[in-house]
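Good morning, and thank you for coming.

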Amino acid sequence: VAVMGHVGLTPQAISVIGGFRAQGRTAVRARALLDEALRLQDAGCFSIVLECVPANVAAAITDTLEIPTIGIGAGGGTSGQVLVFHDMLGMLSHPHHEQFVPKFCKKYAQVGHAIQEGLQEYKNDVESGVFPGDDYSPYVMSEGEK
């Protein structure tokens, strides 16, 4: 089984550490992240995600490892980049979601508002009986079978 490691902020730990918090911001903690990455490499991971760590720490880890790294909120010194597409496309338009989009995430679009409008229009059409209507009910029985 191919395994990708994950170092730095791990989403499952957000409630334990009190939210989206950068990791490795001291020399001691940065060294601990490097040691963790080395252990994951030694355990057989084919790659490691570095999340929410200072750019210089991520670059040092990347330079040390023999496997590629993928950064998310870790600067440009990693082997590759990733963002959560819901965040980068602004897919969730609820006001509470705006509070939880990570600082490192550049929004490339705001499709959440269009999604919300489309869902509301669909709901209105269904409730009023406009949808599906004849235009969207194309399947009919042959005259002989009616």
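This is a predicted model: local features need pLDDT of at least 70, side-chain atom pairs count only at pLDDT 80 or more; totals for chains, interfaces and linings use all residues.

The protein chain contains 6 helices and 4 strands. The chain has 146 residues, and 29% of them count as buried. Its exposed surface comes to about 9,800 Å², with carbon and sulfur atoms supplying 58% of that area. As for contacts between residues at least 6 apart in sequence, 38% of them join residues at least 24 apart.

Let us now look at strand β2, which spans residues 47–51. How many of its residues are buried? The count is 5 of 5, and the strand is thus described as mostly covered. There is a general point to recall here: side chains in a regular strand alternate between the two faces of the sheet. In β2, one side carries Ser47, Val49 and Glu51, while the other carries Ile48 and Leu50. Every one of these residues is buried, and both faces of the strand are covered.

Which strands pair with β2? One partner is strand β1, residues 4–8, which runs parallel to β2 and is joined to it over 5 bridges. Within this pairing, valine 7 has leucine 50 of β2 as its bridge partner. Another partner is strand β3, residues 69–72, also in the parallel sense, this time over 4 bridges. Here valine 49 stands opposite isoleucine 70 of β3. Between β2 and β3 in this arrangement comes helix α3, residues 55–64, and the three elements together make a right-handed β-α-β unit.

Finally, I turn to charged side chains. The model contains 2 salt bridges. In one of them, arginine 31 is joined to aspartate 35, and their closest N and O atoms are 2.9 Å apart. Where do these two residues sit relative to each other? Both belong to helix α2, residues 27–42, and because they are 4 residues apart, about one helical turn separates them. Arginine 31 is partly exposed, at 47% relative accessibility. Aspartate 35 is partly exposed as well, with a relative accessible area of 25%.

The other salt bridge links glutamate 127 with lysine 123, and here the closest N and O atoms are 3.6 Å apart. These two residues lie in helix α6, residues 111–128, again 4 residues apart, or about one turn of the helix. Is glutamate 127 buried or exposed? Its relative accessible area is 57%, so glutamate 127 counts as exposed. Lysine 123, at 41%, is partly exposed.

To close, I return to strand β2: its 5 residues are buried, and the strand pairs in the parallel sense with β1 and with β3. Thank you for your attention.

Conventions
Residues are numbered from 1 along each chain as its sequence is written. Side-chain values use heavy atoms; hydrogens and water are left out. A salt bridge is a side-chain nitrogen of Lys or Arg within 4 Å of a carboxyl oxygen of Asp or Glu. Buried means under 20% relative accessible area, exposed over 50%, partly exposed in between (1.4 Å probe, protein chains only). Contact means heavy atoms within 4.5 Å. Accessible areas come from the Shrake-Rupley method with a 1.4 Å probe; for residues, only the protein chains shown count as cover. Two strands pair if DSSP finds at least two bridges between them. A crossover is right-handed if, with the strands pointing away from the viewer, the path from the first strand over the helix to the second runs clockwise.
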